[in-house]
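This short report is meant to be read beside the model. Please keep the sequence and the 3D view open.

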Amino acid sequence: MTHDVYYNKQIIKYTEGKLTQIEDTIAKEFPLTLYVNKEEFATIVCTPKYLRELALGFLASEGVIRKHSDIKSFHLDDSKGLCHVELTQPFDNSHNPTKRMISSCCGKSRQFYFVNDVKTSKIATTIRTISPDEIFYLMNTMQQKSTDFKVTGGLHNAAISDGKDFYLHRNDIGRHNALDKLYGHCILNHIPIKDKVLIFSGRISSEILIKASKIGVGIILSKSAPTDLAIALADDLNITAVGFARNDTFNVYSHPERITTK
């Protein structure tokens, strides 16, 4: 079953001193419930597209799986919003005693706790460098690919690329979900990650930086700002964080040695 990511709805718009009925485009919100070894694990509120990638990326970032071969069976019923995953090994769900609702919002609702982050975060080992021209090319490419955002104004955009032959773009109402979809695609297709660059449309918060670390990239680009905690984490995790990449300028907040100017 294929879900549209948006739909049209009649609304009332106020403009130029009067109320007018118009047709607007609305981003869809969809709950996907994950079961791991027959136990309910989490419900993710997401954009209803690339749900297999989302489930795989989410489970990997939560430390449930490390690679695709950790999965014995995978059944997605997107007509009902259910995903059943059976692992090749028993799964200790004691750290998650009650089901969780993973909302599309930012911050604490995403349920990132420091204990789990310590277990699943990775110190970047990439030796990849990136030039200013590559940074602007990747940011502009993501902007051009963000067609659903241009229609709805309600989606976060993310991409992963090697700057040359490989480029993958995903979007979602939840910014973490967009990153999980990228991660899931790479796991599903056995694509090496550490030499790739993560490109993101929103603010680089501590949660986004941790997500980048869990994915395993060493460079993250954004057209927006990082937070102070994100910068501290980027320093600790050996990740180059680039913000405000727009209008032919950018700021480098951590590990500038990966930026080449020759």
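## Basis

This is a predicted model, in which local features need pLDDT of at least 70 and side-chain atom pairs count only at pLDDT 80 or more, while totals for chains, interfaces and linings use all residues. Residues are numbered from 1 along each chain as its sequence is written, and side-chain values use heavy atoms, with hydrogens and water left out.

Strand β6 covers residues 82-87; strands are DSSP runs of E with at least two residues, helices are runs of H or I with at least four, and both are numbered from the N terminus. Cys83, Val85 and Leu87 form the covered face of β6, and Leu82, His84 and Glu86 the uncovered one.

Two strands pair if DSSP finds at least two bridges between them. Strand β3 (residues 30-36) runs parallel to β6, with four bridges, and Leu34 has Cys83 as its bridge partner. Strand β5 (residues 71-77) runs antiparallel to β6, with six bridges, and here Leu76 stands opposite Cys83. The hairpin of β5 and β6 has four residues between the strands, and Gly81 takes a positive phi near 70° in this hairpin.

## Tyr14

Tyr14 lies in strand β1 (residues 6-15). Tyr14 counts as exposed because its relative accessibility is 57%; the terms are buried under 20%, exposed over 50% and partly exposed in between, with a 1.4 Å probe and protein chains only.
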